[in-house]
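Trainee: I have this one open and would like a hand with it. Could we start with the terms?

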Amino acid sequence: MLINCDMGESYGPWEKGADEAVMPLIDQANIACGGHAGDPDTMARTLRLAAEHGVQAGAHPGYPDRRNFGRLQLDWPVDSLVLEMQAQIGALRGVASALGIPLRHVKPHGALYLAMMKDDRLLTRLAEGVAALDPTLAFVLQATPERERHAAMLEHTELTLAFEAFADRAYAADGRLQARGIDGAVLSDADAVASHVANLLDGFVETPAGPLPVAAETLCVHGDNPSATAVLRRIRELVPRKK
């Protein structure tokens, strides 16, 4: 299983995350594209850091809402959201192209990601938007009990789909993530995360309703988690980096 992390979420003098410490521990970097966070300087710095450590670079577009860090769902028309996502990916792709660094995947951020996992039409339109921009990009979405239905629903896009699980988030009974406002929804204790990841590697996740099957190819650790570096070191004991 690959490990992905949300990166490049600083903006100007405002720093977020521990990118330099985290990058050597991951396989895939989801790089903010200027919507919820990030700017051209941060994009370039993060892309170079990913290339230095042999980490796959991907785009992490979200609602253009820095005030709420893209974690508040906005009431936007779907067509406008698709264009916004394409514009953000295009910005990162332009910087990456100038640096000679390929983009490999797209993973929507925060509230946009959660919204698409609840709305089949939005999920389909975002995937189609990625395919129209660059069909070689993989599209990251959450591995839930509806994985097979989602795969069939998006088959016409011909995109490679990367289904992910979350190492540092607790799950709800339906297989989606517990809301961040719920106590214990964000896992920061390295031992708790290690136990959670061990279950995911065995193909299930504990929920309030009991164990639920989860089949994922990539595992997310949030870069803005204060414990991200310690958590990733523990996860690497369970998931050695592929050579």
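Mentor: A pocket is an open set of points on a 1 Å grid over the protein atoms alone, where a 1.4 Å probe fits, with protein on both sides within 12 Å along at least five of seven lines; lining residues have an atom within 4 Å of a point. This is a predicted model, where local features need pLDDT of at least 70, side-chain atom pairs count only at pLDDT 80 or more, and totals for chains, interfaces and linings use all residues. Residues are numbered from 1 along each chain as its sequence is written, and side-chain values use heavy atoms, with hydrogens and water left out.

Trainee: What volume does the second largest pocket have?

Mentor: About 210 Å³, taken as the space filled by probe spheres set on the points, which are joined across faces, edges and corners.

Trainee: Which helix gives the most to its lining?

Mentor: Helix 2, with four residues. Thr42, Arg45, Thr46 and Leu49 are among the lining residues, as are Lys16 and Asp19.

Trainee: And how much space lies in the largest pocket?

Mentor: About 460 Å³. Of its 24 lining residues, Gly110, Ala111, Leu114, Arg169 and Leu177 are the closest to its centre.

Trainee: New topic: is lysine 107 buried or exposed?

Mentor: Lysine 107 counts as buried because its relative accessibility is 2%; buried means under 20% relative accessible area, with a 1.4 Å probe and protein chains only.

Trainee: What is lysine 107 in contact with?

Mentor: Leaving aside neighbours within four places in sequence, its contacts (heavy atoms within 4.5 Å) include Asp6, His60, Tyr113 and Glu164.

Terms used. Helices (H or I, at least four residues) and strands (E, at least two) are DSSP runs, numbered from the N terminus. Buried means under 20% relative accessible area, exposed over 50%, partly exposed in between (1.4 Å probe, protein chains only).
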